Amino acid sequence: MINAHPVIMADGVSKWYGSFQVLREINFVVNRGEKIVICGPSGSGKSTLIRCFNRLEAHQQGEISVNGIRLHSTMKNLSQVRESVGMVFQHFNLFPHMTVLMNCMAGPMWIKGVHEAEARRRALQFLEKVRIPEQADKYPIQLSGGQQQRVAIARALCMQPSVMLFDEPTSALDPEMVSEVLETMSTLAREGMTMVCVTHEMGFARAVADRVIFMDGGQVIEEATPDSFFTDPKHQRSKLFLSQILKH
């Protein structure tokens, strides 16, 4: 049972790139412990939306709050928000000149002021969680794509976030590496992590999500439980999307 304790709230959120409106009056709530999957065709605004949740992108209308802190252009405590929002990107974004261990230790030490010994303990703990502790002393270039993405997940977890955002975390991976990353994400979900995932992995969505959000043209077109979305989609655009993506 999900507690109605909002971690992220978006109210009437809109965003433009020049004259092109990429988000159109988005209303969105993520409660503590919820697992939400956002899907939709390319260019529908999915990645832009979740990047607004830690202000990697700035919205221009409406309101977004994270853990009760409102995101806006003059805010002074953006770092506090980002510390509580873990983000895993499509392209791992690891520091190539640092070992896996140091990639995981750097954030807690440099941003949160965690002592080195505690940062190391925490890094090893989360590398164990994503099942690659033996890679701690290697550099990113020595790892497979799936291993690098699991390091990226461990690195985000080392900041002890209250919510994890995943922006198409498997789309840059070879097919045989996808399952190891999805299994890591599924483990986090089972342990109660609050998660918002942009993904085309419909099997993952069906198995893990509490809610599926379907976007198209910068709007939320449909919102439903996985069972309802996959077996009885209500919107014609959702039906077309599913008929195309479930063929593959």
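Predicted model: local features only at pLDDT ≥ 70, side-chain atom pairs only at ≥ 80, totals over all residues.
1. Six strands make up an open sheet with mixed pairing, and their order is 6-7-8-3-9-10. Strand 6 (85–88) and strand 10 (219–224) are the edges, each pairing on one side only. From one strand to the next, the twist averages 20°.

2. Next, the helices on the sheet. Helix 6, residues 175–190, lies across strand 3, strand 7 (163–167) and strand 8, and runs at about 150° to strand 8. Helix 9, residues 236–245, also packs on the sheet, where it touches strand 3, strand 9 (211–216) and strand 10. The direction of helix 9 makes about 100° with that of strand 9.

3. Then have a look at helix 3 (residues 100–110) and helix 4 (residues 116–129), whose axes come within 8 Å and cross at roughly 125°. Because of that angle, helix 3 is oblique to helix 4. The crossing is right-handed.

4. Which residues make the contact between these two helices? Helix 3 brings Val100, Leu101, Cys104, Met105, Pro108 and Met109. From helix 4 come Glu116, Ala119, Arg120, Arg122, Ala123, Leu124 and Leu127. Sorted by type, the contact of helix 3 with helix 4 has ten nonpolar residues, three charged and no polar.

Note on methods
Residues numbered from 1 in each chain as written. Heavy atoms only, no water. Pairing = 2+ DSSP bridges. Helix = DSSP H or I, 4+ residues; strand = E, 2+ residues; numbered from the N terminus. Axes fitted to C-alpha atoms, helices over the stretch in contact; angles between N-to-C directions. Contact = heavy atoms within 4.5 Å. Parallel < 35°, antiparallel > 145°, perpendicular 65-115°, else oblique. Left-handed = near helix turned anticlockwise from the far one by under 90°. Nonpolar A, V, L, I, M, F, W, Y, C, P; charged D, E, K, R; others polar.
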